[in-house]
Amino acid sequence: MSWLTPELIDVIVQVLKAIVILLVVVVSGALLSFVERRLLGLWQDRYGPNRVGPFGMFQLGADMLKMFFKEDWTPPFADKPIFTLAPVVAMSSLLIAFAVVPVTPTWGVADLNIGLLFFFAMAGLTVYAVLFAGWSSNNKFALLGSLRASAQTVSYEVFLGLSLMGIVAQVGSFNMRDIVEYQQEHLWFIIPQFLGFATFFIAGVAVTHRHPFDQPEAEQELADGYHIEYAGMKWGMFFVGEYIGIVLISALLTTLFFGGWHGPFLDALPWLSFFWFALKTGFFIMLFILLRASIPRPRYDQVMAFSWKFCLPLTLINLLVTGALVLAAQ
Amino acid sequence: MTADSALYIPPYKADDQDIVVELNARFGAQTFTLQPTRTGMPVLWVPRERLIEVLAFLRQVSKPYVMLYDLHGVDERLRTHRQGLPAADFSVFYHLMSLERNSDVMIKVALSERDLNLPTATSVWPNANWYEREVWDMFGINFEGHPHLIRMLMPPTWEGHPLRKDYPARATEFDPFSLTAAKQDLEQEALRFKPEDWGMKRGSEHEDYMFLNLGPNHPSAHGAFRIILQLDGEEIIDCVPEIGYHHRGAEKMGERQSWHSYIPYTDRVDYLGGVMNNLPYVLAVEKLAGIKVPDRVDFIRVMMAEFFRIQNHLLYLGTYIQDVGAMTPVFFTFTDRQRAYKVIEAITGFRMHPAWYRIGGVAHDLPRGWDKLVREFLDWMPKRLAEYEKAALKNSILRGRTIGVASYNTKEALEWGVTGAGLRATGLDFDLRKARPYSGYQHFEFEVPLAVNGDAYDRCMVKMGEMRESLRIIEQCLKHMPEGPYKADHPLTTPPPKERTLEHIETLITHFLQVSWGPVMPANESFQMIEATKGINSYYLTSDGSTMSYRTRIRTPSFPHLQQIPSVIRGSMVADLIAYLGSIDFVMADVDR
């Protein structure tokens, strides 16, 4: 057993941890479909799925079985390689971005010193999923959806990055762990970076194409938008990809603005760190669902206007003020 | 005519002879043949050569006939009771409406089978377009000069003209249907949209347009409705609405059902209107029969009609908000609908299509305890409406999506034959329940909700107001429900009061005949319009003295509302079209009949 050096064991443990984290993300993403339907049911004065298992908990299993056994149909008029690639990109890009999120002091996939930048890069990739799907489907509704998606992404990517630069300026690092630890010593960023929080939240909803920024799929207008031609497991990957996006953005909001794993009684019970992290993330996930339940969808040019005329100036002001304060403090 | 120069609507004048005098003065009395009817308006036959002149005159005359309310045809070939009328194999009628006179006039033209040609009226009223297409479709009458005379309701490959008397009404009279591969290809090809046919271009100098086929299956098309969009990016350059997917031949069925057994068919014309649909039909039949119903019948009918107005508006409200992207309110409005159905079900025994009105009355008396149920609903509803207004309609995103979207003014509305909330949202105070009271509406106190901008938001707000007023009317029915019989004491009341059939042999025989063969209505023509859920709905009945109608013309409000779409939506975005469709309040059954 001489090859089993402590370094190797460490590597194996890290790999196992990474696999566990990503699996948990995927499973919780999939579970969200059930959670969302039950919550919507609650808020909409109806039951939601409650037939399969206790409280309908096995609905997810039923849905997955259904999806796996559906014909994996590719329309004959579609561009096959890109058509197949699109859902893979949709699901994987945001999943990979989760690697930089520190879950607890000891758990996390990768501890990159460019953590935030890595997230921006991956978030930028997600638009390709929509673009590929819309273009390769060879369907006009899909095309309109992906056109909307690209226009929307261009608008919201701009201040998605800028909204977090205030944090980076204050902490002096792109590393997520540094950011969390900084919040331990100082205030949670929700207070000094409130404008950053507001705009990042909006941009985060836009990145996941969640209501009210679900312009690319806008059911009432474009039927289903970019994934109108998808069925079976390919469609399922878009679906799970969307929920992974929710989990990711919620986790980031927790990490960046709400002190990550921090919470009371951590000194006595260190395992609480995961609990606090999950609790805060769960709260934001609920918020995403509540948004969907409560508000109408603006028109797509109004979404653009809101981005350029309101959110972008707001982030710039935030950045300038933060920069000035950081300089003054030095 | 905008909101600031609002029209004064005088009291309704039935059989207004002023216009006959004016017409005689202008064209000479020999031009016209006056037909006595029970339609409540002068009916004048005009020779074909003078038709456009006369129509143009009526459009221009002081206090003009601003609205082409209806235009359709009649196959006169089998009609036996037509003494004093010009010889005709077919006739086409133009029903015109003047708001400043608050009266109507009907112009008819006689046509011979060998020469089925008429000049088009599209230059006088733009909404003649679809009506003339439908007349061509149903009777094969050609309109010279029509911009695009193709079939309206039937598919382009259809053979024959269904409303002709020699066209069979029963499926068993046809050969069995078969679909060969070749025929299928032909039908498929006929569905292909060719922009050139519609005078559209596939592109301009620098750009190609996209033609987007929205429907007949689309989540926001509110039924089987197809609309083809010519898009530049997301901007709608032009569009072509296509209807007919929901056509069931309701008018043809009127010609083979007894006067009594046709009532359930009317329920399904505007399938959200329930018994509201029975109302114009039974009122028109009662005019033919000369029945005057007891007060209690009027009150019961009004109460149930207003219940269905609320039902319709609740569904409208939910789907309208859903069309602009908020998914929750529709579930709440359906909860309210359930509450109302509880009352409706207790009273009529059915939910959506009770077919509960009868010629000369209603099917049953109100059940014991009805007042308690109605009271419960009246207590429940107002706070819910307040909540919808606060939570959904005052939402800034919803307002941003709908204010200023798809707006038109009163003049445009009248030109296109728009009635109902779509007309009142432009500021015109024209509600038939006030302007031309029927079925005892003059006894009730209520307001007519109005708006000014005529946009998608205003249309919804008017409907919100209407729900509150309907609640007021129902409350008055509850408080002042008169005692008395629920059926008129008249030989043509169908079916006759059951209690008496067991005592009088005469009533027993009448009962038997009316239920088996159906009542015989005196030969005449009658007409009744009502303020239905979606606008003005009317039945124009022609009786030839038989157990069945000779011609049943159903004028529905949604038909002109859809015809108006292109003129309103050009230059807007796709998302605006969806908000507009949501705000119109139409169901395809009401459009296609």
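These questions and answers go through a predicted model with chains A and B.

Residues count from 1 along each chain as its sequence is written, and chains are lettered from A in the order in which they are written. Local features need pLDDT of at least 70 and side-chain atom pairs 80 or more, while totals for chains, interfaces and linings use all residues.

Colleague: How many helices and strands are there in chain B?
Modeller: Helices (H or I, at least four residues) and strands (E, at least two) are DSSP runs, numbered from the N terminus. Chain B has 21 helices and 15 strands.

Colleague: What is the radius of gyration of chain B?
Modeller: The radius is taken over C-alpha atoms, and the globule rule is 2.2 Å times the number of residues to the power 0.38. For 593 residues, a compact globule would come out near 25 Å. Chain B agrees with that, at 24 Å.

Colleague: What percentage of the residues in chain B are buried?
Modeller: A residue is buried if 20 or more other C-beta atoms, placed from the backbone, lie within 10 Å of its own; it is exposed at 12 or fewer, and partly exposed in between. Of the 593 residues in chain B, the buried share is 50%.

Colleague: Which element gives the most to the side of domain 1 of chain B that touches domain 2 of chain B?
Modeller: An automatic or database domain assignment sets the bounds: domain 1 is 3–144 and domain 2 is 250–592 in chain B. Residues are in contact if their C-beta atoms, placed from the backbone, lie within 7 Å; here 26 residues from domain 1 meet 29 residues from domain 2. Strand E3 (67–75) and helix H3 (128–139) of chain B each supply at least two residues of the domain 1 side. The most, 6 residues, come from E3(B).

Colleague: How many residues of chain B are in contact with chain A?
Modeller: On the chain A side, H5, H8 (219–222), H10 (272–294) and H11 (300–329) each supply at least two residues. That side has 9 nonpolar, 4 polar and 8 charged residues. Nonpolar covers Ala, Val, Leu, Ile, Met, Phe, Trp, Tyr, Cys and Pro; charged covers Asp, Glu, Lys and Arg; the others, Gly among them, are polar. In contact are 21 residues of chain A and, from chain B, 26 residues.

Colleague: At what angle do helix H5 and helix H7 of chain A pack?
Modeller: H5(A) spans residues 140–171 and H7(A) spans 194–207, with axes 8 Å apart. Axes are lines fitted to C-alpha atoms over the stretch in contact, and angles run from 0 to 180 degrees between N-to-C directions. Their contact has 9 nonpolar, 5 polar and no charged residues. The angle is about 145 degrees.

Colleague: Is Ile584(B) buried or exposed?
Modeller: Ile584(B) lies in helix H20 (residues 574–584) of chain B. Beyond neighbours within four places in sequence, Ile584(B) is in contact with Gly422(B) and His561(B). With 25 other C-beta atoms within 10 Å, Ile584(B) is buried.

Colleague: How many residues of H20(B) are buried?
Modeller: The buried residues of H20(B) include Asp576(B), Tyr580(B) and Ser583(B). H20(B) is largely enclosed by the rest of the structure, because the buried count is 11 of the 11 residues.

Colleague: Which residue just after H20(B) takes a positive phi?
Modeller: H20(B) covers residues 574–584. Just after H20(B), a phi of about 70 degrees is taken by Asp585(B).

Methods. Contact = placed C-beta atoms within 7 Å.
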